[in-house]
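Thanks for coming, everyone. Please have the model up on your screens while I talk.

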Amino acid sequence: MNSELFIYWNPSEIAINLGFFAIRWYSLCWLVALLSAYFVIRKLYHDQKIKDEYFDPLFVYCFFGILIGARLGHCLFYEPDYFLSSGQHFIEMLLPIRFLPDGDWKYIGYAGLASHGGTLGLMISLWLYYKKTNISVWTVLDNIAIGTPISCFFIRMGNLMNSEIIGKPTDVPWAFVFERVDLLPRHPGQLYEALAYLCFFFVMLYFYSKSRKQKTANTQQTSFLQPKPVGSGWYFGLVLTLIFTFRFFIEWTKDIQVGFESQMILNMGQILSIPYVILGIICMKGGNWMRHLGTRNI
């Protein structure tokens, strides 16, 4: 094992330091993730001639849905024994603070966000958005789906800069030594995911462009893997299937996040991925029931 080939990783957590104010890499990556999705989806709405009045509140719904869902997902899926053990810990689940033994508290930010919870929170927030507008829920979900992978790319890059969600020890030549964690060469699980999500983004754009050129009118006459128009639920199904199928398999290279996972055949990330893959396949197959569920005229 030639340790000279390994990448020794210990970047500063601070991306921008103005002295009186500092921005961490993780926060910056989250900001870029949200902005990238914002511009992609705005372009999609413009292409589909959807009015700006329908787009303007979408960002707010998505922001709070993802943040609340990701936070609650981490606390309830991975650390329920801590956050549900007392009133103070329950407050820590909701607010970005940590209570100290002396009774004081400090601001720590939301240290712990789960993508599975974020996905569920996004779906719930989009349903609420649909209830407030006259736009089909499937049109909303499909457009969000096309922009989602680029957001996931930047979020995982934030995890990489934070040296978190690390992989298992390995001797592959591209292994990272996360000096902030230990001196073991490990799989860069965050980088694997980030690169996969970037590829998925271009896959989504390719299929979207292809369906726009075909201008397919009848989604029943297309095959399972044939892209359908936005509003059919096909893109929503595709992004769920791609991301969470990949998540299921990439988890084998990642270290456990909480102690109880060491006793499990499948870790929590894999277990939570399975329902999303099933839902994705169902949405891709589609059918009459989907076209009438959550459909309104714009």
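Start with strand β2, residues 14-17, and strand β3, residues 22-24: they run antiparallel and are joined by three bridges. Two strands pair here if DSSP finds at least two bridges between them. Asparagine 17 has alanine 22 in β3 as its bridge partner. The two strands make a hairpin, with four residues between them. In that turn, glycine 19 has a positive phi of about 85 degrees.

A word on the source: this is a predicted model, local features need pLDDT of at least 70, side-chain atom pairs count only at pLDDT 80 or more, and totals for chains, interfaces and linings use all residues. Residues are numbered from 1 along each chain as its sequence is written, and side-chain values use heavy atoms, with hydrogens and water left out.

Next, the sheet. Three strands form an open sheet in the order β1-β6-β7, and the pairing is mixed. Which strands stand at the edges? They are β1 (7-9) and β7 (185-186); each has a single partner strand, so one side of each has no neighbour in the sheet. Strand β6, residues 176-178, runs antiparallel to β7, with two bridges joining them. Within that pairing, valine 177 has proline 185 of β7 as its bridge partner.

Now the loop between α7 and β6. Serine 163 lies there. Its phi is near 55 degrees, a positive value in a residue other than glycine. Is serine 163 buried or exposed? It counts as buried, at 6% relative accessibility. The cut-offs: buried is under 20% relative accessible area, exposed is over 50%, partly exposed is in between, with a 1.4 Å probe and protein chains only. Isoleucine 165 is in the loop between α7 and β6 too. Isoleucine 165 is not a glycine, yet has a positive phi of about 55 degrees. With a relative accessible area of 18%, isoleucine 165 is buried.

On to the cores. A nonpolar core is a set of buried Ala, Val, Leu, Ile, Met, Phe, Trp, Tyr and Cys residues joined through side-chain atoms within 4.5 Å. As a general point, nonpolar side chains in soluble globular proteins tend to be buried together. The largest core here has 45 residues. Those with the most contacts inside it are Tyr45, Leu58, Leu126, Val140, Ile144 and Tyr235. Which helices supply at least two residues each? They are α1 (25-47), α2 (52-55), α3 (58-78), α6 (115-132), α7 (137-161), α8, α9 and α10 (268-285). The largest share, 10 residues, comes from α7. A second, separate core has six residues, including Trp9, Leu160, Phe176 and Phe178.

Back to tyrosine 235. Not counting residues up to four places away in sequence, tyrosine 235 touches Asp142, Met204, Pro227 and Val230, among others. Contact means heavy atoms within 4.5 Å. Tyr235 also belongs to a cluster linked by ring pairs, with Tyr206, Phe207, Tyr208 and Trp234.

Ring pairs, then. Rings of Phe, Tyr and Trp (its six-membered ring) pair if their centres lie within 6.5 Å; planes under 30 degrees apart are stacked, over 60 edge-to-face, and the rest tilted. The whole structure has 20 aromatic pairs. Phenylalanine 153 and phenylalanine 154 form one that is edge-to-face, at 4.9 Å centre to centre and 70 degrees between the planes. Phenylalanine 153 is buried at 14%, while phenylalanine 154 is partly exposed at 22%. Phenylalanine 200 and phenylalanine 246 have ring centres 6.1 Å apart and planes at 85 degrees, so that pair is edge-to-face. Phenylalanine 200 lies in α8 and phenylalanine 246 in α9, so the pair ties together parts 46 residues apart in sequence.

Helix α8 also holds glutamate 193. Glutamate 193 is buried, with a relative accessible area of 0%. What does its side chain make a polar contact with? The side chain of lysine 254, at 2.8 Å. A polar contact is a pair of N or O atoms within 3.5 Å; within protein, one must be able to donate a hydrogen and the other to accept it, and residues adjacent in sequence count only if both atoms are side-chain atoms.

Last, glycine 233, in the loop between α8 (189-214) and α9 (234-250). Glycine 233 counts as buried, at 0% relative accessibility.
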